[in-house]
Amino acid sequence: MTAYILRRLALLIPVLLVVAVVVFALVHLTPGDPAAVILGDRATPEDIARLRTQLGLNEPLPVQFVHWFGNILRLDFGESIFLGEPVTSALRDRVAPTLQLTLYALTFQILIGIPAGVISAVRYNSPVDRALSMVAISGSAIPTFFLGILLILIFAVRLRWLPAGGYVPLEDGVAAHVKSMLLPAFALGFSAAGLLARMVRSSMLDVLREDYVRTAFAKGLPHQLVIIRHALRNALIPALTVLGVSVGALLGGAVVTETVFTIPGMGRLIVQSIARRDYPIIQGAIIAIAMTYVLVNLLVDVLYVYIDPRVRLGSD
Amino acid sequence: MAVASSLHPVTLRAEERRPRWSRWARALLANPATALSALFLLGALLAALFAPFLTPHDPTFLDPAVRLQGPSTAHLLGTDDRGRDVFSRVIYGGRVSLLIGVSVTFIAALIGSLLGLLSGYFSRLDMPIMRTLDGLMAFPSILLAIAIMASLGTSAINVLIALVVVYTPTIARLVRSTTLVTRQQTFVESARSIGMTDRQILLRYVFPNGLSPLIVQCTFVVAYAIISEASLSFLGAGVDPETPTWGNMLRDGQRVLQSAWWLALFPGAALVLTVLTLNLLGDALRDALDPRTVGRG
């Protein structure tokens with residue numbers, strides 16, 4: 001087990017390096033002088049020269065990269081050009097809404113996806129199965145931002161039950177916080193639930209054909225007990241990998257959802273920073289989100305090996 | 001012999017191949033949902049091709065006299081806040097979406113197949129190629145696309161570049177995994193023993209053998225790419241904001257959601273229907289092309 005974790009950690013090094021190179025390249029892919037692009041048309045040559053020095057653009061590229069990468073490892077992403085504060089502190093203020101949104105969406109995904117998949121598999125090929133499968137496949141066809149707009153149209157514009165956007169921190173009241181996050185979390189979680197439901201359905205179908213499930217039924221155990229304790233527990237193992245990948249989709253989706261619902265999180269900051277050409281912010285936020293995603297997947301893989309001994313025996 | 005030929009379609013001669021295609025087509029069209037999906041996509045493709053002949057108005061023509069009008073006979077799907085015809089814009093938007101979706105997939109399939117074949121066939125190249133692609137896959141896909149768009153600037157070509165970067169790794173991984181399996185097959189060994197070069201083996205045996213899963217995957221990549229393009233445009237980091245695209249229309253539509261629901265609803269519906277039918281078609285293709293699903297429920 002320890003050897004497995006160490007090997008997985010070693011595999012992270014090239015991934016980290018590629019992530020760093022890509023994010024570093026962002027500034028240098030811009031057509032023309034990055035400093036001039038960032039400052040816009042009205043910048044004086046002196047301003048441009050000063051920014052070039054601030055961003056270290058006068059050094060040779062490899063030197064710039066090593067310098068920049070060293071800073072990143074110390075979690076120093078530089079100064080925001082527009083906000084006039086360190087990138088780290090700008091990100092810290094916006095982490096909570098993004099993480100909350102992702103977590104709530106994950107909850108919706110699990111609460112909708114797993115029961116839907118189980119019911120589909122147990123009622124295999126029935127009208128219920130077909131209806132649920134259709135909902136699942138439609139769910140993954142609706143882009144989060146469009147589902148968000150539809151929900152706003154129904155629940156905010158027509159029914160006026162929930163706010164059309166905005167964010168209330170948890171500290172300012174649980175009820176108001178829940179009200180502000182309900183629609184965005186559902187929009188984000190529902191699309192992801194479709195994928196999970198399809199995965200749970202197919203792995204449940206495989207497990208239900210296993211001998212030990214037949215034995216459990218044959219010895220007269222109650223139907224629900226067999227489904228939940230014997231079948232579902234094993235069927236959830238492959239579903240776990242989907243959840244790992246989902247976190248990436250949810251984090252990415254959060255970027256878009258925050259814009260739809262005007263939630264002041266990291267995603268909205270990235271989108272706003274694109275228009276302001278605030279590259280240090282874009283770079284810092286993207287590295288932070290990519291690293292979260294990589295670490296969650298590592299955690300899921302380790303958990304997977306821990307839960308399913310067959311994987312452990314096969315890999316070592 | 002019969003078993004071997006059903007597993008390796010490439011070993012079939014042309015006249016033996018034809019009934020297989022017609023079997024696939026029959027299997028696909030037997031399911032009403034799949035037949036309807038194919039029909040819808042064909043319609044969407046034709047509408048995109050012949051957009052100038054189908055649209056009653058110029059999609060970029062501003063007519064302040066008819067601002068924010070609901071659906072009517074003059075304007076089937078209403079007008080937007082600058083008096084442009086929503087129906088015409090939805091049709092032209094489909095043009096952009098389909099063109100980007102299909103070309104992203106085509107280019108990503110070309111590059112991805114090449115990388116996957118090299119990586120799966122030559123063990124020396126496997127490590128560097130796969131580790132690089134792993135690094136690209138460490139970004140949530142839409143985030144990588146946003147990042148690339150942030151540095152390249154908004155334009156359709158840049159969306160194309162960004163999405164090719166995003167979807168190439170997925171395809172390369174798939175092709176690599178089928179290549180790894182095919183490489184071990186006896187017919188590859190025999191091809192090598194009669195002195196065929198690696199290039200001939202790759203192009204004549206290995207690549208065609210992994211074609212069915214690739215085709216299935218490509219159907220889904222078209223759908224993903226269309227969603228991503230719409231998301232980028234919606235965020236203002238995609239195709240030029242003035243160009244009629246579904247994502248741009250949804251962004252404009254959300255601003256006036258209170259008074260004009262049709263502005264966001266119709267481009268959104270077009271987007272959902274296109275992605276949904278692509279997914280249904282991909283599922284059906286997978287069932288039709290995968291020998292394991294034959295006789296399974």
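## Contacts and fold of chain B

Among the contacts of chain B that join residues at least 6 apart in sequence, 68% link residues at least 24 apart, a contact being two residues whose C-beta atoms, placed from the backbone, lie within 7 Å. This is a predicted model, in which local features need pLDDT of at least 70 and side-chain atom pairs count only at pLDDT 80 or more, while totals for chains, interfaces and linings use all residues. Residues are numbered from 1 along each chain as its sequence is written, and chains are lettered from A and ligands numbered from 1 in the order in which they are written.

Chain B has 13 helices and 0 strands, where helices (H or I, at least four residues) and strands (E, at least two) are DSSP runs numbered from the N terminus. Of its 297 residues, 46% are buried, that is, with 20 or more other C-beta atoms within 10 Å of their own, C-beta atoms being placed from the backbone.

## The contact between the chains

The contact takes 37 residues from chain B and 41 residues from chain A. On the side of chain B, α6 (123–137), α7 (141–152), α11 (211–234), α12 (246–255) and α13 (262–289) each supply at least two residues.

## Met204(A)

Met204(A) lies in helix α8 (residues 174–208) of chain A and is buried, with 26 other C-beta atoms within 10 Å. Leaving aside residues up to four places away in sequence, Met204(A) touches Gly117(A), Val118(A), Ala121(A), Ala231(A) and Ala235(A); between Met204(A) and Asn234(A), 30 residues apart in sequence, the C-alpha to C-alpha distance is 8.1 Å.

Terms used
Buried ≥ 20, exposed ≤ 12 C-beta atoms within 10 Å, placed from the backbone.
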